[in-house]
Amino acid sequence: MALNLNKNLKAYYSITEVAEMFGINPTTLRFWEKQFPTLRPRTMGNNKRQYSDKDIDTVRLIYNLVKVRGFKLEAARKVMRLNPTGADKTAQVLERLFEIRAQLKELKDSLELMR
């Protein structure tokens with residue numbers, strides 16, 4: 001078994017950490033757990049939620065559908081149920097496009113400073 005040298009990797013994240021990743025409230029995550037059957041983080045005895053990487057991917061997909069693309073909850077559930085792979089790929093493409101857009105803006109700003 002290989003030694004994991006990356007100390008930043010965690011097996012589980014708290015609801016607060018996941019909410020901060022997406023800029024939403026923990027109450028939104030709790031609500032989404034009720035609305036989306038695929039989002040089921042592990043809970044400890046004291047009802048503390050622990051989100052795995054798979055759970056975070058599901059949150060990323062829900063966030064993309066609901067917050068970025070503006071889908072209603074029922075429509076987002078339907079997309080996730082009928083075409084989960086396609087919805088996930090679309091989410092990844094949009095995320096990458098936002099990253100590229102931010103990089104282009106930085107490049108434009110630095111070029112304007114050179115003038």
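Does Arg77 count as buried, partly exposed or exposed, and at what relative accessibility? At 21% relative accessibility, Arg77 counts as partly exposed; here buried means under 20% relative accessible area, exposed over 50%, and partly exposed in between, with a 1.4 Å probe and protein chains only.

A word on the model before going on. This is a predicted model, in which local features need pLDDT of at least 70, side-chain atom pairs count only at pLDDT 80 or more, and totals for chains, interfaces and linings use all residues. Residues are numbered from 1 along each chain as its sequence is written, and side-chain values use heavy atoms, leaving out hydrogens and water.

The structure holds 4 salt bridges, each being a side-chain nitrogen of Lys or Arg within 4 Å of a carboxyl oxygen of Asp or Glu. Among them are these pairs:

| Salt bridge | N to O distance |
|---|---|
| Arg60 and Asp57 | 3.0 Å |
| Arg77 and Glu74 | 2.6 Å |
| Arg96 and Glu99 | 3.0 Å |

Let us take them helix by helix (helices are DSSP runs of H or I, at least four residues, numbered from the N terminus). Helix H3 (residues 53-68) carries both Arg60 and Asp57, 3 residues apart, about one turn of the helix. Arg60 is partly exposed at 29%, and Asp57 is partly exposed at 42%.

In helix H4 (residues 73-82), Glu74 and Arg77 also sit 3 residues apart, about one turn. Glu74, the partner of Arg77, is partly exposed at 46%.

Helix H5 (residues 84-114) holds Glu99 and Arg96, 3 residues apart and so separated by about one helical turn. Glu99 has a relative accessible area of 37%, and Arg96 one of 41%.

Methods
Helix = DSSP H or I, 4+ residues; strand = E, 2+ residues; numbered from the N terminus.
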